[in-house]
Amino acid sequence: MKILMCRPDYYGIEYEINPWMDINHTVDHQLARAQWEFLYNTIKQCGADVELVPAEQGWPDMVFTANAGLYFKDKIILSQFKHKERQGETPYFEKWFIENDYSLVNDEGAGSFEGAGDALPANDKLFAGFGFRTDKSFYAKTPFLQEQNLVFCELANPYFYHLDTCFCPLTDDLAMWYPNAFSPESQKNMAKAIDLIPVNEAEA
């Protein structure tokens, strides 16, 4: 297994684009680096191959590498960030993917899409999150994605603005989720597609 990470050299709260962010709260950079190193070493000890994309000054959220793109069917579907505060990350991630011999699907103009932050595969299905950062239309406008394999997951709670904040496939047939993050219709569709372990609000 390969994992893409980015060191928190320039991580900080420099803007507010989700309900958790508050520019009045400063980042303890020493602690952030220590926590990152612990995570990095733990992932490596579990046997994963960790790749590093260089951090770039001015783009503090590059540490959230899941948002860079989606690895699906041996290709990278490159992200199209919704907010201007993150759009400048794309050229750096694109350059890294190309230099490391990944085949890219780059659908500019198809709408916003935030990679594995909003789309997660399990078995032969792709759980396709939308609502806050990713446009539902992106999935329809991207021919590489086949509609019959998509399980649409409408995010309805702004505190869970990305799919990966409230849904996590554990195996091809089992996932952990926070149901109240999704619209009622999506809850039903997701429950039909995979066995789900609920996480209550206190745990979320």
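On a 1 Å grid over the protein atoms alone, a cavity is a set of points where a 1.4 Å probe fits but cannot get out, and a pocket is an open set with protein on both sides within 12 Å along at least five of seven lines; lining residues have an atom within 4 Å of a point. Grid points are joined across faces, edges and corners, and a volume is the space filled by probe spheres set on the points.

Good morning. The structure before you is a predicted model, in which local features need pLDDT of at least 70 and side-chain atom pairs count only at pLDDT 80 or more, while totals for chains, interfaces and linings use all residues. Residues are numbered from 1 along each chain as its sequence is written, and side-chain values use heavy atoms, with hydrogens and water left out.

The largest pocket holds about 1100 Å³. It is lined by 37 residues, of which Ile 3, Leu 4, Thr 65, Ala 66 and Ala 116 are the closest to its centre. Helices (H or I, at least four residues) and strands (E, at least two) are DSSP runs, numbered from the N terminus. Which elements each supply at least two residues of this lining? They are strand E1 (2–5), helix H1 (29–45), strand E3 (69–72), H3, E6 and strand E9 (167–169). The largest share, six residues, comes from H1.

Strand E3 brings us to the sheets. Strands of a sheet pair through backbone hydrogen bonds, either parallel or antiparallel; here, two strands pair if DSSP finds at least two bridges between them. An open sheet of three strands has the order E3-E4-E5, with mixed pairing. E3 and strand E5 (104–105) stand at the edges, each with a single partner strand, so one side of each is left without a neighbour in the sheet. E3 and strand E4 (residues 75–78) run antiparallel and are joined by four bridges; Gly 69 has Leu 78 of E4 as its bridge partner.

Strands E6 (residues 119–122) and E7 (residues 125–130) also run antiparallel, again with four bridges. Ala 122 is paired with Lys 125 in E7. Two residues lie between the strands of this hairpin, and Asn 123 takes a positive phi near 60 degrees.

I turn next to charged contacts. A salt bridge is a side-chain nitrogen of Lys or Arg within 4 Å of a carboxyl oxygen of Asp or Glu, and the count comes to six. For exposure, buried means under 20% relative accessible area, exposed over 50%, and partly exposed in between (1.4 Å probe, protein chains only).

In the salt bridge of Lys 84 with Glu 85, the closest N and O atoms are 3.3 Å apart; Lys 84 counts as exposed at 63%, whereas Glu 85 is partly exposed at 21%.

Finally, Lys 95 and Glu 99 meet in a salt bridge at 2.7 Å, N to O. Both lie in helix H3 (residues 90–99), four residues apart, about one turn of the helix. Lys 95 is partly exposed, with a relative accessible area of 48%. Thank you.
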